[in-house]
Amino acid sequence: MYFFILHLSSFILFPMPPSFFHHLHPPTIPTAQARWRHTLAAGGTAIFLMLILGVTGILEMFYYAPNPAEAALSVQTITYHVPFGGFIRNLHYWAAQALIVVSAVHFLRVIFTAAYGHPRRFNYLLGLALFVVSIMLDFTGYILRWDVDICWPLTTGTNLLKTIPVIGDFLYRIAVGGNEVCETALLRFYTWHIFGLTILVVILGVWHAFRVRRDGGIAVPPPQLRADVTRIPRDELVRREVLTMFIVSIGLILLSIFVPAPIAAAMSVSIRESVTESVDVRAPWFFLWVQQMLKWGDPFIFGVLIPSIILALLALIPYIFPQPNEAEIGSWFPKSNRLAQIIVAIIGTIIIILTFINR
Amino acid sequence: MTNLSRRDFLKLVRDGFLVLSGALALGGVLRFLDFQPNPAQKTQFDLGSATNYPIGSRTALSEIPALLIHAESGFSALSLVCTHLGCNLGEDESGFACPCHSSHFDAEGKVTHGPAAKPLSPLRIEISEDNRVILHTS
Ligand code: FES
C-alpha cells in the first residue's frame with residue numbers, strides 16, 4: 001500500500017514531462033476560480049475516487065462469487081485470507097462512501113457559487129444524474145455483501161418498488177428477477193453493479209467532464225466583469241490536482257487501515273431463515289433519512305414520492321428559479337440566486353437532521 | 001395545411017423511426033428482464049403432528065414466519081411478515097413489533113402503532129388425515 005504513496009509523491013517531488021494527463025486540461029485557467037477555496041477540489045476528487053473504485057473493484061472481482069451460497073463467504077475470503085484483500089476491500093468501501101460525500105459537496109459548491117446558470121444547465125443535469133447513479137452503485141454494492149445485515153434494507157428497499165401504482169409489481173420483478181427476493185436477485189444486483197450502472201457512470205462522467213470544457217471551463221463571469229483576470233498555466237493546475245490526490249489517498253489509506261468495512265455473518269439460502277434478533281435493521285447511511293421518513297406512514301408517499309419530488313425540484317433549479325446574474329457567477333453566495341441557495345440549504349439540513357434522528 | 005418542406009418531412013420521419021425503434025428495443029429489453037427462472041416459492045409447510053401443539057398454545061415459527069394458534073375453536077395462524085414493507089416481526093409482551101420502522105401489532109394482529117396500515121394477514125391451516133398440521137402461506 002505504501003507503493004501508492006510513493007508513486008504519487010514521485011509526481012509531486014520530481015518534475016514530470018507533459019503527458020496525456022496534462023493535455024486533458026485547458027492551457028490556462030482563471031486564477032480566482034482555480035483556488036481550493038473556490039472549487040473545494042470536489043469534482044476532481046470525485047473523478048479520482050471513481051478511478052480507485054474501478055481498480056479496486058476489478059481486483060475484488062477476481063474472488064467474488066455472485067451466487068447466494070458463496071457470496072458472503074467469498075467476501076470473507078477477500079477480507080481475511082487474500083493478501084492485501086482486506087485493505088483493497090476497505091479502500092473500495094471508503095472510496096465509495098467518500099464519493100457520495102464529495103459529490104454532495106460538489107453539488108453544494110455549484111449551487112452556492114451559482115455555477116449552474118446558462119450555458120451549464122444541461123451539464124448540471126448530467127451531474128445530478130451522476131449523483132443518483134453513484135448512490136445506486138453504492139446501494140447495489142452494499143447488497144453484494146449478501147450477509148445477514150443486508151436482509152431488511154434489501155427487503156424493504158425492493159418492496160418499496162411494489163408500492164408504486166400500476167408499474168410497481170413489474171419494476172419489482174425486473175429488479176429482483178422474480179416474485180420474491182431470492183437467488184436471482186443477487187445476480188441482478190451484481191450485473192447492475194459491475195456492469196450496467198458502471199457503464200452508465202463512465203458515459204455520464206466522461207460526458208460531464210467533456211461538457212465542462214465545451215461550456216467554457218470553470219464557471220466565471222465574462223472577462224469584462226472580472227475583478228481578477230489573471231490565469232494560471234495548466235502545469236500549476238496539474239500540480240494542485242496531484243497534491244489533492246495525494247492528500248485524498250493518504251486519508252483513504254488511513255481509513256482503510258484503521259476502520260474496516262462492515263461485514264456480518266453469511267446469509268443462509270433463504271432471507272427469512274437467516275435473520276435473527278441481532279441483525280442490523282438500519283438502512284445504509286445514505287438512506288437513513290428515507291428510513292426515518294418511512295416510520296411516518298404510507299411507504300409510497302414517504303419512500304418514493306417525496307424523494308422523487310426532491311430530486312425533481314433540484315433538477316428544475318436552473319430552469320425555473322431566478323437565474324444567477326452574470327457578474328456573480330463563480331463567486332460564493334451571490335445575491336441573484338438566493339432562492340435556490342435557500343431551498344437547497346433547507347433540503348440539505350432536513351436530510352441531515354433526519355439521518356441523525358433515525359435512532 | 002402547414003408548409004412542410006421536403007427536408008423537414010424527411011427529418012421528421014427519421015426522428016420518428018429513431019424513437020419508434022428505440023422504444024421497441026427498450027420494450028424488448030424490459031421483457032427480457034421479466035423472466036422468472038426460479039421455481040415458485042414454497043407456500044406449504046408441514047408443521048408436524050397436531051399433538052405437538054396443545055390447546056391454548058401459541059407457537060411462533062420464525063422461519064416461515066408465522067404464528068400458529070391452537071384455541072378451543074381449532075387451529076388458526078397469522079403471518080408474521082410486517083404489512084408495511086415486509087420485515088419479520090419479533091414478539092414482545094403486548095404483541096409483535098417490527099424492527100424496521102417500528103410498527104406494532106397486538107396479539108390478534110391488529111395495528112396498534114403505525115406506519116403499518118393493514119392488520120397481519122391470517123394464514124390457512126389444514127389438518128391432514130394423519131393429524132398433521134399443514135400451513136399455507138398463500
Ligand atoms: S417493515 Fe415493518 S414497520 Fe416498516
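Which domains does the domain assignment of chain B give? The assignment lists domain 1 (1-35) and domain 2 (44-136), with bounds that come from an automatic or database domain assignment. The C-alpha centres of domain 1 of chain B and domain 2 of chain B lie 53 Å apart.

## About the model

This is a predicted model, in which local features need pLDDT of at least 70, side-chain atom pairs count only at pLDDT 80 or more, and totals for chains, interfaces and linings use all residues. Residues are numbered from 1 along each chain as its sequence is written, chains are lettered from A and ligands numbered from 1 in the order in which they are written, and side-chain values use heavy atoms, with hydrogens and water left out.

Helices (H or I, at least four residues) and strands (E, at least two) are DSSP runs, numbered from the N terminus. Two strands pair if DSSP finds at least two bridges between them.

## The six-stranded sheet of chain B

Let's start with the open sheet of six strands in chain B, whose order is E1-E10-E9-E4-E3-E2 and whose pairing is antiparallel. Its edges are strand E1 (44-49) and strand E2 (58-61) of chain B, each of which pairs on one side only. Direction ignored, neighbouring strands of this sheet are turned by 25 degrees against each other on average; the axes behind such angles are lines fitted to C-alpha atoms, for helices over the stretch in contact, and angles run from 0 to 180 degrees between N-to-C directions.

E2(B) runs antiparallel to E3(B), and four bridges join them; here B:Arg58 has B:Ile69 in E3(B) as its bridge partner. Strand E3 (residues 66-71) of chain B is in turn joined by six bridges to strand E4 (residues 74-79) of chain B, again antiparallel, and a hairpin of two residues connects E3(B) to E4(B). Across this pair, B:His70 stands opposite B:Phe75 in E4(B). E4(B) also meets strand E9 (residues 122-127) of chain B through two antiparallel bridges, where B:Leu78 stands opposite B:Pro122 in E9(B).

Three bridges pair E5(B) with E6(B) in the antiparallel sense, and B:Glu91 has B:Phe96 in E6(B) as its bridge partner.

Where does the disulfide join chain B? The link runs from B:Cys87 to B:Cys100, with S to S 2.0 Å; a disulfide is a pair of cysteine sulfur atoms within 2.5 Å. B:Cys87 lies in the loop between E4 and strand E5 (90-92) of chain B and B:Cys100 in the loop between strand E6 (95-97) and strand E7 (104-106) of chain B, so the pair ties together parts that are 13 residues apart in sequence. The link of B:Cys87 and B:Cys100 is left-handed, with -95 degrees about the S-S bond. A search of the whole structure finds one disulfide over all chains.

## A helix pair in chain A

Over in chain A, helix H6 (residues 85-112) packs against helix H15 (residues 338-357) at an angle of about 155 degrees, with their axes 9 Å apart. H6(A) and H15(A) are therefore roughly antiparallel to each other, given that angles under 35 degrees count as roughly parallel, over 145 as roughly antiparallel, 65 to 115 as roughly perpendicular and the rest as oblique.

H6(A) contributes A:Phe107, A:Leu108, A:Ile111 and A:Phe112 to the contact, and H15(A) contributes A:Ala340, A:Gln341, A:Val344 and A:Ala345, where contact means heavy atoms within 4.5 Å. The residues of this contact of H6(A) with H15(A) divide into seven nonpolar, one polar and no charged. Here Ala, Val, Leu, Ile, Met, Phe, Trp, Tyr, Cys and Pro count as nonpolar, Asp, Glu, Lys and Arg as charged, and the others, Gly among them, as polar.
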